[in-house]
Amino acid sequence: MIHFKSLLTYPGSRDTQVFFFIATQKNEMTKPGWTRRQFVLASSTIVPVASNARAKDGCGVYVEADSGPFYPVGGVPFVADLTTGPGGGRANGQILYLFGHVTDGACSPVAGAEILIWQADMNGQYDHPNAENRTALDPNFSYYARVQTNEVGFYLFKTIVPKWYNFQGLRRAAHIHFGMKHRDGGEALSEMYFAGKEHDNRRNTDIVWRSRNSKTRRHMIASMLSPEEFRALDIKFELGSLCCKYDLQII
Ligand SMILES: [Fe+2]
């Protein structure tokens, strides 16, 4: 299991220094996963703000999402790196660093929030009992992970770009699911989609995507950018990797 010591330049920026501490403290822990019922009872709202589509008013615009059929059913480990799995090797696919800040309705950082992600692998497969075909699972990919935001509300994952998939006749564009649990009890969900012509075309035939609020769903689309764009973060990005910045807000 790769610790963030190998991912971050240390000493680094305030964001990554604090995150390094949290990641190394939590990395080996496993706690019971959140339940779908907990999300039904959620009292907060998660607001995705992709780096390429910031809202004009406040910190974001509300875009609802749901847990979908592949919400984790078991414990989700506190790990930030999904690219090394039980197989002991390295996950297949384009390496993606996924990070951002979590803020509240006043645009102040939310420290100590749990950020959970779950996603398909590069073959469009989920590791979940509801998956229609699990024979193609990548033994080196961790399909679920969670981290905690640091004192400035920063979170960071190392993962791969998922592939689009079909499920029960639905054509789903590539996306990553987000769950967030505020330390004060509020919970909420989001989904992040990818910018680019191929992804745009996939979304156009994605009924779930098209069911989202047409005025606000653009905030769920993030651009895949070069690590050069984020040099100020002092993260030791892997060669050939890409980055998505996806800020989240609780209101
Ligand atoms: Fe999904």
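Visitor: Which residue in β12 stands opposite F194?

Guide: This is a predicted model, where local features need pLDDT of at least 70 and side-chain atom pairs count only at pLDDT 80 or more, while totals for chains, interfaces and linings use all residues. Residues are numbered from 1 along each chain as its sequence is written. Strand β11 covers residues 187-194 and is joined to β12 by two bridges, the two running parallel. Within β12, the residue standing opposite F194 is A222.

Visitor: Which are the edge strands of the open sheet of five strands?

Guide: Two strands pair if DSSP finds at least two bridges between them. The order in this sheet is β6-β5-β10-β11-β12, with mixed pairing.

Visitor: Which residue stands opposite M180 of β10?

Guide: Let's look at the β5 side. Strand β5 (residues 114-119) is joined to β10 by six bridges, and the two run antiparallel. Opposite M180 stands I115.

Visitor: And in β11, what is the bridge partner of I176?

Guide: Strands β10 and β11 also run antiparallel, with seven bridges joining them. The partner of I176 in β11 is M192.

Visitor: Is β10 largely enclosed or open, and how many of its seven residues are buried?

Guide: A residue is buried if 20 or more other C-beta atoms lie within 10 Å of its own, exposed if 12 or fewer, and partly exposed in between, with C-beta atoms placed from the backbone. One face of β10 has H175, H177, G179 and K181, the other has I176, F178 and M180, and all of these are buried. The strand is largely enclosed by the rest of the structure because its buried residues number seven of the seven.

Visitor: Is H177 buried or exposed?

Guide: H177 lies in β10, residues 175-181. Residues are in contact if their C-beta atoms, placed from the backbone, lie within 7 Å; leaving aside neighbours within four places in sequence, H177 touches G68, I117, W118, Q119 and E191 in this sense. Because 23 other C-beta atoms lie within 10 Å, H177 is buried.

Visitor: How far apart in space are P77 and R146, C-alpha to C-alpha?

Guide: P77 sits in strand β3 (residues 76-77). Along the sequence, P77 and R146 are 69 residues apart. In space, their C-alpha to C-alpha distance is 6.4 Å.

Terms used. Helices (H or I, at least four residues) and strands (E, at least two) are DSSP runs, numbered from the N terminus. Two residues are in contact if their C-beta atoms, placed from the backbone, lie within 7 Å.
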